[in-house]
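Subject: Structure for your review

Dear colleague,

Please find below the structure that I am handing over to you.

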Amino acid sequence: MTPTDSKPKSHRADAVNIIRRLQSARFQAVLAGGCVRDQLLGRESSDFDVATNATPKEVATLFPQAQKVGAAFGVMLVRVGSSQVEVATFRTDGNYADGRRPETVTFATMQGDAARRDFTINGMYFDPLADDGSGQLIDLVGGQADLAARLIRCIGSAEARFAEDHLRLLRAGRFAARLGFGIETETLAAMVRCGPQLIRIAPERIADELRRMLTPTSRVEAWNLLVGTGLVGVMFRGPVRPEPISDALGRLSTSMDFGVALALVGLSTLASPTMDGTEVKVARGHLRQWLRLSNEELDTAERCWLTLAQWFGTNRPPPSVFHRDVVALGGTAGTGEVVDLTLARQRATQWLNALTAWPALAPRSEELCARLAGLSHDALAPRPLLDGLRLMELGVPQGRWLGDLLRGAYDRQLDGDLLTSKEAENWAVAQFSAKG
């Protein structure tokens, strides 16, 4: 863990140049954390951290342009080449009163620094300049053995590590799902015991971890871990229903939209196929409160729930409802404004494919998927037969009536009841006259 919430991109060569300069000044300096883990796994890394026994003041002397992004925690941001590299002083942490960050830190040795980190696979160091440039691994916590065993294990007491920083509960699940690792027995048991503490973490931080977990390569495994440890119930403030969410997530394409996955997850906790519009709004409000998601993410989840209620209800909706709902999935901020019909079609198809995981929904899902596949963009969202300017020429004043008539005419056009502009004009005039 570092004191910064979001980390800038960095490159290995630039981090090595920082290490070279620190070592030339007779300081210890090594690569630390996730980049060492990724190197041992043969994975690419976009985040290279440097750990050193130089204090922030000494780092600033060597790198005058360094920024104090977390000087109280011993962290400086050093710009070299095209990188911004976090350079952290070896430290031990004091009390974690808020369940996220230590109140105090004490600069320490490499051994002390390793002991305060989260998981063994993240607690190793690598000196890229040792042994004539071939490099030397420094493993003080057994990380290399756990990498070989494909295990996520807390350093020291698992319960103490989770009590210090509750977000580590989700990080353990994320690393396990992303890497395809198991979780060591005591670490897993501590996740279950400490799970209720997660509620103390800022919703934004929980949402960020959830986004990282529900990615195409890890979403199924991550969901199973969240359910198995009880963390889902903590995040969504209630019991998890026995829905086929894992299977549904597996049916999403690799271009899966997070809002669609979020809607699926919600079906096990907040939402259900029988919800009405009011209940959907309540579920959206809970998501906003508990996870502080973006409007776009919330809009997509809300629209997915609404389409579920409309498309799969006992009263089959007319074609216009299906068309409008699909198009709305490509809009922003809940307005339904078309941004990208390809995106709208993709989101709707993903949603329908996922819903086939429910046996009761599968036939209707497949029917609607086939209907959507058979619609061209022009057929899905055709040009309106009637516009506001023409309506005003026909005597309809600006205001609510104008909008209602335009929407009504377009719905009838989508339903196939109005085929020409003249038919649309006649219908609108007749409606306006009848209400006048």
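Over which ring does the charged end of Arg 174 sit? The ring is that of Phe 175, and the charged end of Arg 174 lies 5.0 Å from its centre. Please bear in mind throughout that this is a predicted model.

Overall architecture

The chain comprises 23 helices and 11 strands. Its C-alpha trace spans about 90 × 45 × 40 Å along the principal axes. Of its 436 residues, 51% count as buried. Among the contacts with a separation of 6 or more, 66% are between residues 24 or more positions apart.

Aromatic pairs and charges over rings

The count of aromatic pairs comes to 4. In one of them, the ring centres of Phe 90 and Tyr 125 are 6.1 Å apart and the planes stand at 80 degrees; an angle over 60 counts as edge-to-face, so this pair is edge-to-face. The two residues belong to distant parts of the chain, 35 residues apart: Phe 90 is in the loop between strand 5 (83–89) and strand 6 (91–93), whereas Tyr 125 is in strand 8 (residues 125–127). Phe 90 has a relative accessibility of 0% and therefore counts as buried. Tyr 125 is likewise buried, with a relative accessible area of 0%.

Phe 119 and Phe 175 form another edge-to-face pair, with 6.1 Å from centre to centre and 80 degrees between the planes. Phe 119 is in the loop between helix 4 (110–115) and strand 8, and Phe 175 is in helix 8 (residues 168–179), so this pair ties together parts that are 56 residues apart in sequence. Both phenylalanines are buried.

Helix packing

Helix 8 also packs with helix 2 (residues 34–41), at an angle of about 20 degrees and with the axes 14 Å apart. Angles under 35 degrees count as roughly parallel, and helix 2 and helix 8 are therefore roughly parallel to each other. Their crossing is right-handed. On the helix 2 side the contact is made by Arg 37, Asp 38 and Leu 41, and on the helix 8 side by Phe 175, Arg 178 and Leu 179.

Helix 22 (residues 400–414) and helix 23 (residues 421–435) pack at an angle of about 135 degrees, with 10 Å between their axes. That angle makes helix 22 oblique to helix 23. The crossing of these helices is right-handed. In helix 22 the residues involved are Trp 401, Leu 405, Gly 408, Ala 409 and Arg 412, which meet Trp 427, Ala 428, Gln 431, Phe 432 and Lys 435 in helix 23.

An enclosed helix

Helix 14 (residues 258–266) has 9 of its 9 residues buried, so it is largely enclosed by the rest of the structure. Its buried residues include Phe 258, Val 260, Leu 262, Leu 264 and Val 265. What covers them includes helix 10 (203–213), helix 11 (219–229), helix 13 (245–250), helix 15 (277–291), helix 16 (295–311) and helix 18 (341–355).

Individual residues

Asp 132 is not a glycine, yet has a positive phi of about 60 degrees. Asp 132 is located in helix 5 (residues 130–133) and is exposed, with a relative accessible area of 84%. Arg 292, also not a glycine, has a positive phi of about 50 degrees. Arg 292 is placed in the loop between helix 15 and helix 16, and its relative accessibility of 42% makes it partly exposed.

Finally, Val 232 lies in helix 12 (residues 231–235) and is buried, with a relative accessible area of 0%. Beyond its neighbours within four places in sequence, Val 232 is in contact with Trp 223, Leu 226, Val 227, Arg 237, Val 240 and Thr 269. The C-alpha atoms of Val 232 and Arg 407 are separated by 41 Å, and these residues are 175 residues apart along the chain.

With kind regards

Key
Residues are numbered from 1 along each chain as its sequence is written. This is a predicted model: local features need pLDDT of at least 70, side-chain atom pairs count only at pLDDT 80 or more; totals for chains, interfaces and linings use all residues. Side-chain values use heavy atoms; hydrogens and water are left out. Rings of Phe, Tyr and Trp (its six-membered ring) pair if their centres lie within 6.5 Å; planes under 30 degrees apart count as stacked, over 60 as edge-to-face and the rest as tilted. Helices (H or I, at least four residues) and strands (E, at least two) are DSSP runs, numbered from the N terminus. Buried means under 20% relative accessible area, exposed over 50%, partly exposed in between (1.4 Å probe, protein chains only). A charge sits over a ring if NZ of Lys or CZ of Arg is within 6 Å of the ring centre and within 35 degrees of the ring normal. Axes are lines fitted to C-alpha atoms, for helices over the stretch in contact, and angles run from 0 to 180 degrees between N-to-C directions. Angles under 35 degrees count as roughly parallel, over 145 as roughly antiparallel, 65 to 115 as roughly perpendicular and the rest as oblique. A crossing is left-handed if the near helix is turned anticlockwise from the far one by less than a right angle, and right-handed if clockwise. Contact means heavy atoms within 4.5 Å.
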